[in-house]
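Dear colleague,

I am passing on the structure below, together with some notes on what was found in it. Please read the notes beside the coordinates.

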Amino acid sequence: MKRCPSCNRTYNDVSLNFCLEDGSPLISEGAAPPPDPNATLRYPQVRETSEPPATEVYGSAAPVLNRAPEMARPRERPVLPGPQARPAQKSHAVWWILGSVAVIAIIGIGLVIMIIAITAISSNSNENANTNANGNSSVRIVNRSNSNSSVLPNTNLNSTLPSSVLDDFSEQKWGTGNYQFGGTWYINDEYHLQSKEKTYMVMYAPNNDYSTENATVRATMRIVEGSTSSGYGLIVHGDKGQNNQLEDYAFLIYTGDEPQYEIVVHKDGNQATLVPWTKSSLIRSGSDPNQLEIRVKGLEITFYANGQYVDRIVDNENFRRGLVGFYTSETAEVAFDDLEIQR
């Protein structure tokens, strides 16, 4: 322990030599007074020098250093080897070409097979249609306010046709019966059609012998009773179109006080006027019979009434083929007779 002689402050740290308050030199507690220069010096006894002096070990405390915490050294990222050049791949273009050719060949074979199958199915369907048509002629019954009425399947054309057909309706070949919009029947060797109000009805011939391609068609007709504001008459190129809808050309007459004629076309179930109602002195009025005639040569269609030329149109729809047929409208009952087809 050390003490300051000025302020008497004591310090336990033996390494301090000066007071921390006033800077006075510190003295050790119990230390001998300073030597008197006049005092007699006493010398120590003589020691045997044969023995070595005792070894004194001085220990010193290792100084404690305040070291700043060592910063973590950043890791060095391993250096990855650079991308190595890939070996050149072999070209697969040849295989792609061969594969494409194989796929195209397979598709082509499939299309050929499909076409053959469709042809076979169509052939079978046509045979069935011919069989049905022989007993039930194609019928078209249309409500004038509804153009989506259906038509029974029609027949296909044969490659060979008779040079002429004569039908005096003494034998029942055409379809008969009562329908939603009218009816058909045979009586007194005549074929009768009658429609209901605000409707018209079309009846096609029973088979392909009645085809009108490049033919002259004529028939006699007369109104029996009732009225017809939309006319009645003769049809050529009658056939079913898309969705079994009506396709034909019709030559219609009105036999009222002022006889007139009209030419219409039916397509996709709709009726369109080609020649509007036109007065004609060639048409007989009332219930007197009228003979209507239609001559077809290629795309040219010519119309006659009672042996006299009336009008002409061009088959712009390219119907060309089809069957003869009869037409009536409103409540008119019409009798048809002496149908003749010349080729």
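Does methionine 114 count as buried, partly exposed or exposed? Methionine 114 counts as partly exposed because its relative accessibility is 44%, where buried means under 20% relative accessible area, exposed over 50% and partly exposed in between (1.4 Å probe, protein chains only).

This is a predicted model, in which local features need pLDDT of at least 70 and side-chain atom pairs count only at pLDDT 80 or more, while totals for chains, interfaces and linings use all residues. Residues are numbered from 1 along each chain as its sequence is written, and side-chain values use heavy atoms, with hydrogens and water left out.

Methionine 114 lies in helix α1, residues 93-135 (helices are DSSP runs of H or I with at least four residues, strands runs of E with at least two, numbered from the N terminus).

A three-stranded open sheet has the order β2-β1-β3 with antiparallel pairing (two strands pair if DSSP finds at least two bridges between them). β2 and β3 (27-28) stand at the edges with a single partner strand each, so one side of each has no neighbour in the sheet. The antiparallel strands β1 and β2 are joined by two bridges, and lysine 2 has tyrosine 11 in β2 as its bridge partner.

The loop between β1 (2-3) and β2 (10-11) holds asparagine 8, whose phi is positive, at about 60°, although asparagine 8 is not a glycine. Asparagine 306, in the loop between β16 (300-305) and β17 (308-314), is a residue other than glycine with a positive phi near 50°.
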